[in-house]
Amino acid sequence: MKEVILSADGDSIVYLVPDAVAYNLEDYCLEFCSNWLRNSPDAEKYRNDGILCYTEKDFIDYLNVYVFPDCESKMLKNLGWTDLRDNLPAEYKDYPYFNF
């Protein structure tokens with residue numbers, strides 16, 4: 001398990017995720033928001049009159065339920081608003097980061 005930072009145009013949140021996700025964060029995030037949310041019948045609740053409504057928490061739920069059900073991802077720390085990574089504390093500067 002590795003730490004990553006996720007946001008959805010808000011606070012930057014540190015999550016613990018499977019290694020595969022951390023090493024390929026952009027791929028997993030894009031699969032979630034570009035494919036799964038648009039095409040899976042399980043994602044219907046995120047579709048509202050043609051508009052997708054979701055946050056990084058929904059991505060974590062997706063990982064836990066559909067991708068890595070035996071390896072729970074979880075929130076570790078809210079870093080607050082970091083201006084979409086520009087103002088991350090020094091100890092988090094090299095963490096994989098994705099903003100939805």
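A residue counts as buried when its relative accessible area is under 20%, and as exposed when that value is over 50%, with partly exposed residues in between. The legends below use these words for a predicted model.

View 1. The C-alpha trace spans about 40 × 30 × 20 Å along its principal axes. A compact globule of 100 residues would have a radius of gyration near 13 Å, and the protein, with 13 Å, agrees with that value.

View 2. F32 and W36 both belong to helix α2 (residues 25-39), where they stand 4 residues apart, which is about one turn of the helix. F32 has a relative accessibility of 0% and therefore counts as buried; W36, at 12%, counts as buried too. The structure holds 15 aromatic pairs. In the pair formed by F32 and W36, the ring centres are 5.8 Å apart and the planes meet at 20°, so this pair is stacked.

**View 3. The contact between W36 and Y62.** W36, which is buried at 12% relative accessibility, also pairs with Y62, and this pair is tilted, with 5.0 Å from centre to centre and 50° between the planes. Because W36 lies in helix α2 and Y62 in helix α3 (residues 56-67), the pair ties together parts that are 26 residues apart in sequence. Y62 has a relative accessible area of 7% and is therefore buried. Both residues belong to a cluster linked by ring pairs, whose members are F32, W36, Y46, Y54, F59, Y62, Y66, F98 and F100.

**View 4. The loop that holds D49.** D49 is found in the loop between β3 (47-48) and β4 (51-52). Its phi is near 50°, which is a positive value in a residue other than glycine. With a relative accessibility of 77%, D49 counts as exposed.

**View 5. The loop that holds R85.** R85 is placed in the loop between β5 (74-78) and β6 (97-99). Although R85 is not a glycine, its phi is positive, at about 95°. The relative accessibility of R85 is 30%, so this residue counts as partly exposed.

Technical notes. Residues numbered from 1 in each chain as written. Predicted model: local features only at pLDDT ≥ 70, side-chain atom pairs only at ≥ 80, totals over all residues. Heavy atoms only, no water. Rg over C-alpha atoms; globule rule 2.2 N^0.38 Å. Helix = DSSP H or I, 4+ residues; strand = E, 2+ residues; numbered from the N terminus. Buried < 20%, exposed > 50% of the residue type's maximum accessible area, 1.4 Å probe, protein only. Phe/Tyr/Trp six-rings, centres within 6.5 Å; stacked < 30°, edge-to-face > 60°.
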